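Hello,

Here is the structure we talked about. Please open it first, then read my notes below.

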Amino acid sequence: MSHNRARCIMRVFFHPGPDDDADHVFGELMSLVENFTPRYQPHPQDLAVDLDLTGALRYLDRTPYEAAQVLALRALALHGVPTTIGAGNSVMIAAMAAAATAPGRITVIDPDPDSVEAFLRPQPTALLPGVGPATARTLKTFGIRTVGELADTPPATLARILGASPARELHALACGIDERPVQRETLIRTTSSTHRFPADELDPAQHHRALLGLAEELGVRLRTAKEVCRALTLTVRYADRTSTTRTRTLTEATAHSNALAHTARDLFASLGLQRARVTAITLRAEGLTSAEHAYQQLLLDPADDKRRRIEAAADAARRKFGPKAVRPASLARRRPSSPTG
């Protein structure tokens, strides 16, 4: 196991309320984070942030657990936002600790190699960075389900299963070796919407219905603000508390719901999910810019022109009669069928 004793990395998940503007609140919370350390990396698609407190703990005169308590208290007291926090000696350990922590709680993994090993070994391989559903299924077919089993597998055997480079990287991670830095990044303007299922949802039809609703909501929001987006990010969360994220740059910046829905469906299909127990789907529009500066490729397609005219008419109806005045038929509430005698 790695001896990254000097490092203290923290992963913080924020949980704004359902009525909060998540993007606005997240931006305000980054100002709170800056009071702890200038070395942080936001993950707006997950409403999370990584902090490198390695050089800040002495200044704060706190242990990692105490620093996490102070951050959680300030987020709740100043912004009304609960948090879930994990901390350890690497980005990977902090992220996995946070993923394994109950909402509103704090988990700190001691940097001692034995403690790191005891935490890592029973974790499912799907929690390791770079292990998506397809890789996890491949490993499972060879009897490799946990991080400990992955660490015990000879690198030559892993190379035959996954290829030389992925095998080398995953074996190092399974052994607790993760030297990735926390890199300060500019917070790109985004807007997102999340659909949370009332129970674990297995039905692909309901997954696609949720995607359509999210794309429609983002499209209306962008057109109302006279903005377009340059990329879409899809995050799917599962019942085992893991998640998968995919991003795609659009061929042209757009605010049209049909184009957003088409890209969202493609992103979801690329995950290759089979009877996945989905708990939530988040769709994030990224790289927002003014619609005035965007160009549109002329398609000379009567069907596309018709969709855009219908969309403009629907937006006009929403402005006059309210945001829910017009909705796609597939999103309308289904009325229960009348009993027949």
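T242 touches L127, V236 and R237, leaving aside residues up to four places away in sequence; contact means heavy atoms within 4.5 Å.

This is a predicted model, in which local features need pLDDT of at least 70, side-chain atom pairs count only at pLDDT 80 or more, and totals for chains, interfaces and linings use all residues. Residues are numbered from 1 along each chain as its sequence is written, and side-chain values use heavy atoms, with hydrogens and water left out.

T242 lies in the loop between β7 (227-238) and β8 (243-254). Strands (E, at least two residues) and helices (H or I, at least four) are DSSP runs, numbered from the N terminus. The T242 side chain makes a polar contact with the side chain of D240 (2.6 Å). A polar contact is a pair of N or O atoms within 3.5 Å; within protein, one must be able to donate a hydrogen and the other to accept it, and residues adjacent in sequence count only if both atoms are side-chain atoms.

Now the sheet. Five strands form an open sheet with mixed pairing, in the order β2-β3-β1-β4-β5. Two strands pair if DSSP finds at least two bridges between them. β2 (40-43) and β5 (106-108) stand at the edges with a single partner strand each, so one side of each has no neighbour in the sheet.

Strands β1 (residues 9-14) and β3 (residues 48-52) run antiparallel, joined by five bridges. In this pair, I9 stands opposite D52 of β3.

Best wishes
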